[in-house]
Amino acid sequence: MVGMEHRTRSVHPALQPYVRDLSGYAYAGDAPDLHRGLPSRYLTLVITLDDPLGVAWPGGPVEKYDAVIGGLHSTAVHVGTTPSRAGVQVSLTPAAARPLLGLPPGELASLNVGLDELLGRPARVLTEQLREATSWDERMDLIERLFLAHLSRERAPGRAARPEVGWAWRRLCTTDGTIGIQELAAEVGWSRRHLTDRFTSEFGLAPKVAARVLRFERATRQLRLRPQTRLGELSAAVGYADQAHLTREFQAIAGCSPRQWMNEELPNLQDCPPPGAAESEVWTSKM
């Protein structure tokens, strides 16, 4: 059994369009050898509080980071293989990429990048400050201050996202990827090809791939909330043809079956607090 502590809270109102939440995690024992970082609608920032974190795409080399930002992606990234047992995680919306990181989200797609490569010395100072801080609230305040400073700073002008593309992203998110791409293009007023080209340029994922990620995200969210759900019922509820289709998607995206993922990952402190955990609540579990 491994003890786990997790702290989460909402963010400053000015950051809410860009940051879903701030969370901190700490293992009382050794961290799992492997955590599957599943694709989602968020870019993920992890800053460790002890040793560098090992991150690798399946079959690729392990790279180690004190602070790493992972862009939108369509297959799981492997996290682990290091002694790191504590850190802070931030879930960023694609809209955060330009004002907070200085580049469009598409330039980070399917990549893991050191935060210092994007922000320079302020990222290294932040990592040091987080490690010296003595409470979760103090650490989260430090992150908020850095992001608020970036929001208030004049940044070099760059190509802004077309509003139609932003609208298409939000429409995919609100439907959990179930809207057809032809229907989405018609709602935007573009051809399917033009929407695909513009969308892919902005986000680094084609709209059909993004829809696939969002539907898979909904499936894993339902399993976290209700682990006893029958997979056949879940398949129908989230829009898969049948349980075999759901299993194929898990193998393609997560690299394992739904049951294997549940056995390995639930609960997983780097993904989310347990259902019903209140904001600013510290909770512990045993794995």
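Which residues of α3 are buried?

## Basis and confidence

This is a predicted model, in which local features need pLDDT of at least 70 and side-chain atom pairs count only at pLDDT 80 or more, while totals for chains, interfaces and linings use all residues. Residues are numbered from 1 along each chain as its sequence is written, and side-chain values use heavy atoms, with hydrogens and water left out.

The chain has a mean pLDDT (the predictor's confidence in each residue, from 0 to 100) of 88, and 88% of its residues reach 70 or more. Over residues 269-287 pLDDT stays under 50. For that stretch the model has 53 contacts (heavy atoms within 4.5 Å) beyond four places in sequence. Where pLDDT is low, the predicted coordinates should not be read in detail.

## Helix α3

The buried residues of α3 are Ala123, Leu126, Thr127 and Leu130. Buried means under 20% relative accessible area, exposed over 50%, and partly exposed in between, with a 1.4 Å probe and protein chains only. Helices (H or I, at least four residues) and strands (E, at least two) are DSSP runs, numbered from the N terminus. Seen down the axis of α3, the buried residues fall within an arc of 100°, so they line one face of the helix; the arc is that of the directions from the helix axis to the C-beta atoms. Arg121 and Glu132 are exposed, on the face turned away from the buried side.

The buried residues of α3 pack against β4, β7, α2 (115-119) and α4 (136-152). Helix α3 covers residues 121-132, and at 1.5 Å a residue its 12 residues should span 16 Å, which agrees with the 17 Å between its end C-alpha atoms. The expected span is 1.5 Å times one less than the number of residues.

## Strand β4 and its partners

Strand β4 (residues 43-48) has five of its six residues buried. Two strands pair if DSSP finds at least two bridges between them. Six bridges join β4 to β9 (residues 86-92), and these strands run antiparallel. Another four bridges join β4 to β7 (residues 67-70), again antiparallel. Isoleucine 47 stands opposite valine 88 in β9 and opposite alanine 67 in β7.

Glycine 87 lies in strand β9 and counts as buried because its relative accessibility is 0%. Leaving out residues up to four places away in sequence, glycine 87 touches Ser23, Gly24, Tyr25, Ile47, Thr48, Leu49 and Trp136. Its C-alpha atom is separated by 8.6 Å from that of serine 23, 64 residues apart along the chain.

## The open sheet

Four strands, in the order β3-β8-β5-β6, form an open sheet with antiparallel pairing. Its edge strands, β3 (34-37) and β6 (63-65), each pair on one side only. Four bridges connect β3 with β8 (residues 77-80) in the antiparallel sense, and leucine 34 stands opposite glycine 80 in β8.

## Two residues with positive phi

Most residues other than glycine have a negative phi. Serine 110 has a positive phi, near 60°. This serine 110 lies in the loop between α1 (97-101) and β10 (112-114) and is partly exposed, with a relative accessible area of 35%.

Aspartate 176 also has a positive phi, of about 55°. Its place is in the loop between α5 (163-174) and α6 (181-188). At 13% relative accessibility, aspartate 176 counts as buried.
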